[in-house]
Amino acid sequence: MILQALNEYYNRLSEQQDSAVSEPGYSPERISYEILLDEDGNAVQVNNISDTSGKKPKPRVLQVPQAEKRTVGIKPNFLWDKTSYVLGVGLKSNRADKEHEAFKEFHLKCIPEETDDAGLLAFRRFLEKWTPEQFVAPKFLEEMKDTNLVFRFEEDKNSFLHERKAARELRKSIRSAGSNENTAKGGGRTQGESTCLITGQRTTPARLHPSIKGVQGAQPTGASIVSFNQESFTSYGKEQGENAPVSESAAFSYTTALNHLLQSDRQKLRIGDSTVVFWARAGSSEQAQAADDLFADILRPPVDDDQASGRIREFLEGVRKGIPLEKLNPNLDPGTQMYVLGISPNVSRLSIRFWVVDRLDALTRHLADHANDMYVEPCPWKAAPSAYRLVLATVPNREGAKPSSDDAFQNLVGELVRAILTGGLYPRSLLANTVMRIRSDGRISGDRVAICKGILTREKRLLQHHAQGVIPVSLDKETVQPGYLLGRLFAVLEYAQRAALGGNVNATIRDRFYGAASATPASIFPVLLRNTQNHMAKVRKERPGLAVNLEKLLQEIIDGLPARFPRSLNIEDQGRFAIGYYHQNAAMYKKSEGAGNVGDVDDIQIEHEETSGEQQ
C-alpha cells in the first residue's frame with residue numbers, strides 16, 4: 001500500500017508541467033563544481049557552481065543520471081561523480097586509483113571512438129589524457145576533493161554534458177543493456193519475469209532499488225525500504241529484490257517520489273527520530289497544494305507568527321464546531337485523500353513508524369479534537385500543540401542545554417503521532433513518562449499539564465469513564481476529585497511558604513516534596529500542614545488580609561477532601577494532581593501592572609481579594 005501510493009504520487013507529479021521530479025533514469029544530486037572541456041578534451045576551466053543564495057554556500061541540486069547504489073563495490077556514475085572517481089584524488093577514499101580506473105574504463109567502453117557528438121568525444125579525450133598528477137593549483141583546489149563534479153562542453157552555454165541529446169540517448173541504451181543483463185542472470189526472460197507487487201504487471205524485477213536519501217539519522221549514502229542483502233533474508237534461492245518483486249520502473253517511481261518529499265521544506269518534518277512526510281491526492285493541483293499547506297501549518301505551527309497561529313487556531317475551532325472545510329477555505333476539498341508516512345533509520349534500512357491514510361475532513365477533525373483535548377488554561381501555546389512540542393515536554397532537562405527530541409522514547413513518538421492523526425487513544429506510556437518527569441525535575445509546565453489533561457480527557461470521552469468526573473480546563477472549585485484537590489492544596493501551601501519567607505526560600509516545598517506528595521499524600525501532607533502553621537503565623541503579622549484569604553482557601557479545599565488523606569495515588573490521579581496544582585497556581589499568581597517577575601510575593605495577587613484594614 002505504501003509503495004503503491006508513492007508510485008501513484010510520482011505518476012501524478014510527472015504529469016505536471018512545472019514539476020521538479022526526476023524523469024526515469026535521473027536523480028537529484030548535490031553538485032559543487034563543473035569542468036569546462038574544449039574539443040581536444042582539455043580542462044580549460046573549473047567553475048564553482050555551488051548555491052550561494054543562502055548565508056553559506058552549499059552544493060547545487062542538479063538532475064543528473066541516476067546514481068549507482070554503492071555498498072562496498074566500486075560503481076561509477078555516468079558523466080558525473082565525486083573527485084575520487086572522476087579525477088582519481090580524494091581525502092576519504094583509500095582506493096581512489098581503483099575508482100578512477102573503473103570510471104575511465106566504464107566510459108571508454110560505452111562511448112564509441114567514432115561518436116559524432118563533439119561533447120562526448122571531448123569527454124572521451126579528457127579521460128584518455130587525464131592523470132591524477134594534473135590535479136594542481138590554481139585550476140584544481142584542495143577544497144574540491146570529495147565533492148561531486150559534472151562536465152560542460154565549451155560550446156554549450158546553458159546545458160551540461162549529461163544534458164546533451166546524444167548523452168541522453170546513450171544513457172537510455174546503457175540502462176536497456178543493464179536490464180537485459182539482469183534478465184540473463186535470471187536464466188532467460190521467461191524465468192526472470194514475475195508479477196510486480198506495485199503495478200501487478202508481469203515484468204523483470206529490480207535486483208536493487210535506488211537509495212532513499214534525506215532521512216534524519218540514516219546513512220548519508222542512502223537507505224532502503226526494500227532490501228535483501230543477507231542469505232538469511234532470502235527464500236527459494238531468489239537473489240535480493242527478487243524476494244519482493246518490483247519492476248525497475250516502479251522501483252524508480254516510488255523511491256523518486258519519496259526522495260522528492262524528503263527534499264521538501266513544506267512536506268517534511270522531524271519528530272523524535274522519525275522523519276514524517278505527507279502528501280495529498282485531490283481533484284486539482286490547487287486543492288492538493290492547499291491541503292499540503294494546511295497540513296504543514298498544523299503539524300508544524302509557526303512559533304513567532306502570532307497572526308498565523310491565530311489563523312490555525314480559528315480554523316481548528318471552526319472544524320470543531322462542524323463548519324464545512326470549503327467554507328473555511330474555498331480551495332479545500334473535504335474528500336481529498338491525505339497520506340502521512342513516518343520513517344526512521346535502522347542501520348542501512350528504514351523502519352516504518354506509522355502510515356495513516358484518510359480523507360482530509362476526517363484528519364482535520366482528528367487534529368481539532370487533539371487541540372481541544374489538550375487545551376488547558378492558562379494556555380501554554382499560541383497554536384495547536386504539535387507532536388514535536390509534546391515530545392520535548394517528556395524529555396529530561398539537561399543542565400545548560402535545551403531539551404532534545406533525541407532523548408525521547410522513540411516508540412512513543414510514533415504512537416503519539418498515530419493517535420493524533422487517527423483520533424485514537426493517546427499512548428498510556430505518555431502519561432506515565434510525563435508524570436515521572438514532573439516528579440523527577442519538579443517542572444510543572446503548561447505543556448506537561450496539557451499532556452496529562454489531554455490523555456485523561458480522551459480516555460474519558462472514548463472509553464466512557466464516568467466515575468472520575470470531568471477533567472477541567474481551568475480552575476474547578478466544585479470538583480471533589482481527591483487528586484485534583486490535593487494538587488490545589490499543595491499549590492496553596494507553597495504559596496503560603498513564599499508569602500512568609502519571600503525571596504529567602506532556597507528550596508520550596510515543591511522542590512523537596514512534590515514527588516512524595518503526588519504519590520503518597522498520607523505520608524507528606526500532615527507534615528506540610530503542620531509546617532504551614534508557622535508560615536501562616538508570620539503572614540498574619542505582616543499581611544493579615546492575605547492570611548485571612550489563605551485560611552479560607554485552605555479550609556475550602558480541605559472540606560472537599562475525604563476524612564483521611566489517601567495513602568497513595570495511581571498514575572491517573574497523579575496526573576490530576578499536576579492539573580490541580582497548575583490551575584490553582586495560575587489563579588493565585590497574577591502579575592500586577594508594573595510588577596517585577598511573576599512569582600515575587602510582593603507583586604502577586606491571590607484570586608480572593610485581600611481584606612482591607614477597615615474590614616478587619
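These legends describe close-up views of helix contacts and of a cavity in a predicted model.

**View A. Helix α1 packs against helix α7.** Helix α1 covers residues 2–15 and helix α7 covers residues 248–262. Their axes lie 8 Å apart, at an angle of about 80 degrees. Angles of 65 to 115 degrees count as roughly perpendicular, so α1 and α7 are roughly perpendicular to each other. From α1, the contact takes in Leu3, Leu6, Asn7, Tyr9, Tyr10, Asn11 and Leu13. From α7, the partners are Ala250, Phe252, Ser253, Tyr254, Thr256, Ala257, Leu258, His260 and Leu261. By class, this contact of α1 with α7 holds 11 nonpolar and five polar residues, and no charged ones.

**View B. Helix α16 crosses helix α18.** Helix α16 spans residues 482–501, and helix α18 spans residues 521–542. The two axes come within 9 Å and cross at roughly 35 degrees. The crossing of α16 and α18 is left-handed. On the α16 side, the contact is made by Leu486, Leu489, Phe490, Leu493, Ala496, Gln497, Ala499, Ala500 and Leu501. On the α18 side, Pro521, Phe525, Leu528, Leu529, Thr532, His535, Met536, Lys538 and Val539 take part. The residues of the α16 contact with α18 divide into 14 nonpolar, three polar and one charged.

**View C. Helix α17 crosses helix α20.** Helix α17 runs over residues 509–519 and helix α20 over residues 571–588. Their axes come within 9 Å and cross at roughly 135 degrees. Angles over 145 degrees would count as roughly antiparallel; α17 and α20 are therefore oblique to each other. The crossing of α17 with α20 is right-handed. Arg510, Tyr514, Ala517, Ser518 and Ala519 of α17 make the contact with Gln574, Phe577, Ala578 and Tyr581 of α20. Six nonpolar, two polar and one charged residues form this contact of α17 with α20.

**View D. The largest cavity has a volume of about 110 Å³.** The model has three cavities of 30 Å³ or more. The largest cavity is lined by 12 residues. Of these, Leu299, Leu367, Ser386, Ala387 and Ile420 are the closest to its centre. The elements giving two or more residues to the lining are α8 (285–299), α11 (360–374) and α13 (410–422). Helix α13 supplies the largest share, three residues. By class, the lining of the largest cavity has 10 nonpolar residues, two polar and no charged.

Terms used
Residues are numbered from 1 along each chain as its sequence is written. This is a predicted model: local features need pLDDT of at least 70, side-chain atom pairs count only at pLDDT 80 or more; totals for chains, interfaces and linings use all residues. Side-chain values use heavy atoms; hydrogens and water are left out. Axes are lines fitted to C-alpha atoms, for helices over the stretch in contact, and angles run from 0 to 180 degrees between N-to-C directions. Helices (H or I, at least four residues) and strands (E, at least two) are DSSP runs, numbered from the N terminus. Angles under 35 degrees count as roughly parallel, over 145 as roughly antiparallel, 65 to 115 as roughly perpendicular and the rest as oblique. A crossing is left-handed if the near helix is turned anticlockwise from the far one by less than a right angle, and right-handed if clockwise. Contact means heavy atoms within 4.5 Å. Ala, Val, Leu, Ile, Met, Phe, Trp, Tyr, Cys and Pro count as nonpolar, Asp, Glu, Lys and Arg as charged, and the others, Gly among them, as polar. On a 1 Å grid over the protein atoms alone, a cavity is a set of points where a 1.4 Å probe fits but cannot get out, and a pocket is an open set with protein on both sides within 12 Å along at least five of seven lines; lining residues have an atom within 4 Å of a point. Grid points are joined across faces, edges and corners, and a volume is the space filled by probe spheres set on the points.
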